[in-house]
Amino acid sequence: MSTITASRTDNPLTAGQLPRYAPWALGAVALIAGGVIDALVLAPFDIATTIFFGAVLFLPLNYLAGRLVVGRRAAADRLATNLVTGAFLLALLPLVSLLWEVLAKGLPRFDATFFSYSMRNVIGDGGGAIHALYGTLYATGIATVIAVPIGLMCAIYLVEYGSGALARSITFFVDVMTGIPSIVAGLFAYALMAMVFGPGTINGFSGSLALAVLMVPIVVRATEELLRIVPNELREASYALGVPKWRTITSVVLPTAVSGIVSGVILAIARIIGETAPLMIAAGFTNSINNNPFANPMMTLPVFVYDQYAHPGVERDFYNERAWAGALTLIVLVMLLNLLGRFIAKRFAPKTGR
Amino acid sequence: MSKRIEVTDLNCYYGKFLAVEDVTMTIHPRSVTAFIGPSGCGKSTFLRTLNRMHEVIPGAYVEGDVLIDGNNLYGPGVDPVNVRRQVGMVFQRPNPFPTMSIKDNVLAGYKLNKQRMKASEADDLLEKSLRGANLWEEVKNRLDKPGSGLSGGQQQRLCIARAIAMQPEVLLMDEPCSALDPISTLAVEDLIQELKETYTIVIVTHNMQQAARVSDETAFFNIAGTGAPGKLIEMGATEKIFSTPDEKATEDYITGRFG
């Protein structure tokens with residue numbers, strides 16, 4: 001046995017190194033410098049501009065430090081890392097600010113009264129959005145019941161059966177439908193109901209139709225993608241066992257993709273639950289609870305928010321507070337749907353445990 | 001329950017492309033027949049015509065006859081689903097159903113066809129198939145765990161168990177060992193020797209030692225060049241093909257001077 005000992009005296013692989021705290025220290029220096037500039041040039045001192053100046057100073061500082069101590073490549077690495085992180089923070093900024101604003105302004109009226117009263121006979125303080133919450137649940141619920149089977153089966157057709165001109169044109173029109181302005185969907189539903197049930201037919205179901213028109217292409221797209229990534233080997237394995245095609249689809253392909261499909265559907269619901277324009281046209285406005293989607297206008301949360309903001313009474317503050325609380329309710333709903341989607345995706349995902 | 005396969009004048013197409021031309025051969029019952037030949041010569045394509053899996057690919061079709069004990073697979077009114085229930089298949093890459101447990105994977109042919117079965121019968125069949133595939137001892141304590149948690153070699157044997165659970169007349173194997181290590185390969189080869197007592201087995205392989213070890217008869221396929229159709233060059237007893245083949249091309253391929 002011979003032992004090989006490496007010489008530790010002169011290793012050509014080493015390079016100069018900055019301590020790990022260097023970026024933080026530089027950041028602090030840049031921030032202080034930014035504050036000083038801010039106070040001197042832009043007086044009075046302001047925290048937002050200080051951070052801005054600090055960030056602008058930090059980029060070249062960090063680059064220079066890397067350049068002087070470590071080398072060119074490391075300096076470029078630092079710069080790129082900072083730019084990417086900066087872009088991420090910049091993208092996060094409006095989101096956080098929006099959430100903060102909605103929380104701050106929505107929470108005062110996010111109370112029991114808000115979820116137990118409608119706006120019937122309310123002209124000042126009090127009142128709530130229970131009628132709009134019901135309406136939103138009805139409208140999106142019915143839209144989901146209409147759109148999911150159609151979208152699912154359309155996607156199955158495109159992936160498993162479709163070929164040639166028909167499939168290509170369906171794909172094309174699904175793409176076109178994805179881009180339809182939502183108000184056009186509302187006009188479509190309104191016109192359809194007017195044709196079938198006479199002019200001026202405004203009810204919850206009409207709103208559901210409009211939402212379904214918007215939802216179908218989203219469901220088709222999501223499901224299609226997921227069905228396409230189910231490996232062909234699984235289909236062949238099933239065929240080779242003498243399983244007919246339709247059973248292969250229902251028992252092998254769909255279960256394999258189900259977690260993704262369910263979360264896709266839930267994201268589609270989350271996407272349409274906040275639609276405002278089509279519901280204003282097709283479902284209308286009301287201040288009362290309407291539990292019948294097939295007659296009379298039905299209020300929904302987005303329309304409620306718009307209505308409270310756009311048509312306030314004498315004491316405007318009460319109406320604004322309710323609008324913010326309605327917006328907060330919508331965000332909470334969408335968040336709950338997303339959490340549900342994640343939970344279901346995890347629950348149904350093909351298991352890999354040993 | 002094993003059956004004789006007779007193929008006459010079979011052409012396989014992918015759309016307009018003729019992939020395999022004019023194959024005529026007889027595959028004997030209770031024997032192992034190996035298909036060898038260079039990549040792209042149509043071995044797998046031809047194998048897939050024997051249980052009508054070829055036509056699963058869009059645009060693919062065949063001309064000619066395949067008789068299993070006298071019944072034409074490509075006769076009018078033949079349901080490919082019924083054919084595939086008699087002619088099982090094991091694929092090159094292990095493909096257990098990821099949503100199913102080991103147990104459900106083995107019984108997949110019955111479960112997916114919604115065939116009712118008594119619990120005791122199902123357990124018997126499960127054990128018999130897994131023993132048949134040399135996998136029982138390794139998985140008997142975790143039958144309810146997902147099939148995709150097994151190693152590659154175990155997954156392939158699971159797929160074999162799934163195929164033989166259907167009790168097919170014929171078992172087609174498309175390079176079943178190409179993704180396996182030597183030990184798993186040996187296990188599968190031992191299994192093939194046992195299975196041929198009851199089934200007619202057709203195996204595609206790139207491994208000539210494997211063909212020599214496991215098969216009774218060998219068929220050599222070759223291709224004239226890119227874009228030309230694959231052809232059956234020669235078929236005969238494995239000893240003869242590997243010692244004194246009639247065709248020069250076969251000898252060149254087997255001795256490694258070509259291919």
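Predicted model: local features only at pLDDT ≥ 70, side-chain atom pairs only at ≥ 80, totals over all residues.
Colleague: What makes strands β1 and β4 of chain B a pair, and in which sense do they run?

Modeller: Two strands pair if DSSP finds at least two bridges between them. Strand β1 (residues 5-14) and strand β4 (residues 60-68) of chain B are joined by eight bridges, so they pair. They run antiparallel. One of the bridges sets B:Y13 against B:Y61 in β4(B).

Colleague: What makes β5 of chain B a partner of β4(B)?

Modeller: The requirement is at least two bridges. β4(B) and strand β5 (residues 71-72) have two, in the antiparallel sense, so they count as paired. B:L67 stands opposite B:N72 in β5(B). The two strands form a hairpin with two residues between them, and there B:D69 takes a positive phi near 50°.

Colleague: Why are β5 and β6 of chain B called edge strands?

Modeller: The sheet is open and has ten strands, in the order β5-β4-β1-β2-β10-β9-β3-β8-β7-β6 of chain B. β5 and β6 of chain B each pair on one side only, and they are therefore its edge strands.

Colleague: What makes the pairing in this sheet mixed?

Modeller: The pairing is described as mixed, and individual pairs show both senses. Strand β3 (residues 32-36) and strand β8 (residues 200-204) of chain B pair in the parallel sense over four bridges, with B:F35 opposite B:V204 in β8(B). Strand β2 (residues 17-27) and strand β10 (residues 230-237) of chain B also run parallel, joined by two bridges. There the partner of B:E21 in β10(B) is B:K231. By contrast, strand β9 (residues 217-223) of chain B and β10(B) run antiparallel and share seven bridges. B:T218 stands opposite B:G236 in β10(B). In the hairpin of β9(B) and β10(B), with six residues between the strands, B:G227 takes a positive phi near 90°.

Colleague: What makes chains A and B contacting partners?

Modeller: Residues are in contact if their C-beta atoms lie within 7 Å. By that criterion, 25 residues of chain B are in contact with 22 residues of chain A. On the side of chain B that touches chain A, α2 (80-86), β6 (87-90) and α4 (108-112) of chain B each supply at least two residues. The residues of that side divide into twelve nonpolar, eight polar and five charged.

Colleague: What does the UniProt record list as transmembrane region, and what is the chain like there?

Modeller: The unreviewed entry lists several spans of chain A, among them residues 137-159 and 202-220. Residues 137-159 of chain A are 100% helix and 0% strand, with end C-alpha atoms 32 Å apart. Residues 202-220 of chain A are 89% helix and 0% strand, with end C-alpha atoms 28 Å apart.

Colleague: Which domains does the record annotate, and what do they contain?

Modeller: An unreviewed UniProt entry gives "domain: ABC transmembrane type-1" for residues 133-341 of chain A, a stretch that is 78% helix and 0% strand in the model. For chain B, UniProt places "domain: ABC transporter" (unreviewed entry) at residues 5-248, and that stretch is 34% helix and 27% strand.

Methods: Residues numbered from 1 in each chain as written. Chains lettered and ligands numbered in written order. UniProt positions renumbered as here; feature names shortened; annotations may be inferred. Contact = placed C-beta atoms within 7 Å. Nonpolar A, V, L, I, M, F, W, Y, C, P; charged D, E, K, R; others polar.
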